[in-house]
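Please look at the sequence and the structure before reading on.

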Amino acid sequence: MIQSFNPPPRAVVNTVITKKLFLDQMKLTPTEKKLIRDDISSIHMRIVLQPQTIGLMEYETAEYQFKQIVISEVVLNKQSVCFSIARLMQQAFPYPLILLLKYGEEYMINWADKRINLTDKSKRVVENLEFTRWINPSNTDSVTKGFLNSLDLTKPQCNNLKELLDILKNRFYMLAVADETGSYSEAKPDNIFYYREQMALLTQNREEQKNKIEALKSESQFNIKLILNKKLKELQLIEKAIILELNK
């Protein structure tokens, strides 16, 4: 997975981060301490993207700071803890962090937005925690290959670290779109919101379909069943239309 990013040699660090560091320096609940001790096998900082390692400028405003982007790998002992571990890791590090969660041969990518805490500028407010599905880099299907090829850090045309991170986040998100369309494509910054809107509509549609199916199972009146079936077919047609839109 790391190779897919094709990092500049100067950006590769492969630094071990000990679990003791978290246990000693973070304020953790007993449950969180157990997660760190029992459910993490190893933590490595793999890639550090800075002006001197990738040739892109820093970016800073009153709310956001992009002095470096770090790509880290966490090897898990248990797959089900991935979301809890990711939340802890994102809270632990103040800089933008791309987290590669590994279990067995599969990876899940996690990312988040980090806003400067205006009452304590040394801290960050972690927002919009997002995840890809699990990916096996050895898979040869076109979606996986297209996605992994999109991660190449030498490809994006950008001026600063924020723009680079925005491009990468969009490419991570487009894996979910590719799972619907059957082919991977890279979204431009100005149309990622359209894809997100369509995906939200698709999720809502499928939830409504699920509700109609559950209602049909428990409904005994024939005329109401007819109405429910009609609404279900309408939702299924809308679902197909949304997927067609995603393919455009």
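## Helix 2 and what covers it

Thr31 lies in helix 2; helices here are DSSP runs of H or I with at least four residues, strands are runs of E with at least two, and both are numbered from the N terminus. The model is a predicted one, in which local features need pLDDT of at least 70 and side-chain atom pairs count only at pLDDT 80 or more, while totals for chains, interfaces and linings use all residues. Residues are numbered from 1 along each chain as its sequence is written, and side-chain values use heavy atoms, with hydrogens and water left out.

With a relative accessible area of 58%, Thr31 is exposed. The cut-offs are as follows: buried means under 20% relative accessible area, exposed means over 50%, and partly exposed is in between, with a 1.4 Å probe and protein chains only. Thr31 and Met89 are 58 residues apart in sequence, and their C-alpha atoms are 15 Å apart in space.

Which residues of helix 2 (residues 30-39) are buried? They are Leu35, Ile36 and Asp39. These residues are on the same side of helix 2, because they cover an arc of only 115° around the axis; the arc is that of the directions from the helix axis to the C-beta atoms. An α-helix has 3.6 residues a turn, so residues three or four places apart point the same way. The cover over the buried residues of helix 2 includes helix 1 (19-25), strand 2, strand 5 and helix 4 (82-92). Contact means heavy atoms within 4.5 Å.

An open sheet is formed by 6 strands in the order 1-2-5-6-7-8, with mixed pairing. Two strands pair if DSSP finds at least two bridges between them. Strand 1 (12-16) and strand 8 (124-131) stand at the edges with a single partner strand each, so one side of each has no neighbour in the sheet. From one strand to the next, the twist averages 25°. Axes are lines fitted to C-alpha atoms, for helices over the stretch in contact, and angles run from 0 to 180 degrees between N-to-C directions.

| Strands | Sense | Bridges |
|---|---|---|
| Strand 1 and strand 2 | antiparallel | 3 bridges |
| Strand 2 and strand 5 | antiparallel | 8 bridges |
| Strand 7 and strand 8 | antiparallel | 6 bridges |

Individual partners can be named. Thr15 has Met45 in strand 2 as its bridge partner, Ile40 stands opposite Leu76 in strand 5, and Trp111 is bridged to Glu130 in strand 8. Helix 6 packs on the sheet, where it touches strand 2, strand 5, strand 6, strand 7 and strand 8, and its direction makes about 140° with that of strand 7. Strand 2 is mostly covered, with 8 of its 10 residues buried.

Asn14 lies in strand 1 and has a positive phi of about 50° although it is not a glycine. Asn128 lies in strand 8, and its phi is also positive, at about 55°. Most residues other than glycine have a negative phi. Asn14 counts as partly exposed at 41% relative accessibility, whereas Asn128 is exposed, with a relative accessible area of 51%.

## The nonpolar cores

A nonpolar core is a set of buried Ala, Val, Leu, Ile, Met, Phe, Trp, Tyr and Cys residues joined through side-chain atoms within 4.5 Å. The largest has 43 residues, and those with the most contacts inside it are Phe5, Leu49, Ile98, Leu100, Phe147, Leu164 and Phe172. The elements that give two or more residues to this core include strand 6 (97-103), helix 5 (142-150) and helix 6 (161-181). Helix 6 gives the most, with 11 residues. Another core lies apart from this one and has 25 residues, among them Val70, Ile85, Leu88 and Tyr95.

Thr132, in the loop between strand 8 and helix 5, counts as buried at 7% relative accessibility. Among the residues that Thr132 touches are Trp111, Phe147 and Phe172.

Cys82 is buried at 2% relative accessibility, and Cys158 is buried at 15%. The disulfide count is 0, a disulfide being a pair of cysteine sulfur atoms within 2.5 Å.
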